[in-house]
Amino acid sequence: MNGVTNALRRVRSGIELLTGCYRSWEELEYFDESWKNRIEEMARFIAPGESVIDLGCGKMWLKPLLKNNIYHPVDYKRRDESTVVANFNRHEYPDIVADVAFLSGTLEYIEDSDWFVRQICSRSKKCVVSYCTTECYPDLKVRNRKAWKSHLSRCGLLELFAKNGMDLDSESGVVAQNPIFVFSKRKGEVPAV
Ligand SMILES: C[S@@+](CC[C@H](N)C(=O)[O-])C[C@H]1O[C@@H](n2cnc3c(N)ncnc32)[C@H](O)[C@@H]1O
């Protein structure tokens with residue numbers, strides 16, 4: 001039985017390699033050095049001294065760009081000894097209050113974006129996020145092939161943060177079809193933790 005299962009697994013991996021079609025991030029686990037450009041652009045919105053929670057930290061390419069910032073790397077799997085392990089698709093979110101939530105290429109893989117953004121907005125006062133909106137990638141087949149689980153338009157993304165008390169502060173150029181959004185807690189709103 002094990003032999004059959006392994007053979008089926010090999011056939012499936014072969015098909016995935018040929019078609020570039022993945023069902024989940026766990027199957028994909030691919031990091032592209034070009035994302036460093038996006039991270040560099042996003043890091044400009046973090047002020048010295050602000051604490052940062054890097055949600056879906058991957059290879060932690062943000063870390064060397066920080067100056068005097070407390071850094072909390074979080075991922076569904078342990079990337080090094082400092083990683084806080086939490087699987088957002090199991091509704092796990094660390095009990096960490098940080099000034100800035102940093103979301104580089106992660107939100108696309110989250111099934112319950114409503115829940116996820118609620119967690120972020122209740123523990124941070126700013127969120128720097130890159131997100132491939134449906135305007136940038138309209139074809140659902142392409143989105144599914146990339147194993148993306150959320151399909152928000154620009155307007156949908158803004159509404160999601162707005163209903164959790166964060167408004168759009170700035171929006172920067174599209175780095176390789178990755179718009180960058182900065183949201184800040186509405187004046188008078190305090191983290192609800
Ligand atoms: C496209 S990579 C981006 C990595 C990094 N932020 C960057 O820009 O280089 C997506 C990241 O989200 C993490 N991730 C995906 N699904 C997750 C989940 N359900 N829970 C926690 N992390 C997840 C992946 O492990 C990965 O590190």
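A nonpolar core is a set of buried Ala, Val, Leu, Ile, Met, Phe, Trp, Tyr and Cys residues joined through C-beta atoms within 7 Å. The views below show a predicted model.

**View 1. The largest nonpolar core of the predicted model.** This core comprises 38 residues, and Ala 101, Phe 102, Cys 127 and Val 128 have the most contacts inside it. At least two core residues come from each of helix 3 (35–43), strand 1 (52–55), strand 4 (100–104), helix 4 (113–123), strand 5 (126–130), helix 6 (154–162) and strand 7 (178–185). In soluble globular proteins, nonpolar side chains tend to be buried together.

**View 2. The surroundings of Phe 102.** Apart from its neighbours within four places in sequence, Phe 102 contacts Met 42, Val 52, Ile 53, Asp 54, Leu 55, Leu 62 and Val 128.

**View 3. The buried face of helix 3.** Ile 39, Met 42 and Ala 43 are buried in this helix. Viewed down the axis of helix 3, its buried residues lie within an arc of 100°, so they line one face of the helix. Strand 4, strand 5 and strand 7 are among the elements that cover these residues.

**View 4. Strand 5 and its pairing with strand 4.** Five of the five residues of strand 5 are buried. Lys 126, Val 128 and Ser 130 point one way from the strand, whereas Cys 127 and Val 129 point the other way. Strands 4 and 5 run parallel and are joined by five bridges; Leu 103 has Val 129 of strand 5 as its bridge partner.

**View 5. The shell around the ligand.** The ligand is surrounded by 18 residues, of which Gly 56, Gly 58, Tyr 76, Ser 104 and Gly 105 are the closest. Nine residues of the shell are nonpolar, seven polar and two charged.

Terms used: Residues are numbered from 1 along each chain as its sequence is written. This is a predicted model: local features need pLDDT of at least 70, side-chain atom pairs count only at pLDDT 80 or more; totals for chains, interfaces and linings use all residues. A residue is near a molecule or strand if its C-beta atom, placed from the backbone, lies within 6 Å of it. Ala, Val, Leu, Ile, Met, Phe, Trp, Tyr, Cys and Pro count as nonpolar, Asp, Glu, Lys and Arg as charged, and the others, Gly among them, as polar. A residue is buried if 20 or more other C-beta atoms lie within 10 Å of its own, exposed if 12 or fewer, and partly exposed in between; C-beta atoms are placed from the backbone. Helices (H or I, at least four residues) and strands (E, at least two) are DSSP runs, numbered from the N terminus. Two residues are in contact if their C-beta atoms, placed from the backbone, lie within 7 Å. The arc is that of the directions from the helix axis to the C-beta atoms. Two strands pair if DSSP finds at least two bridges between them.
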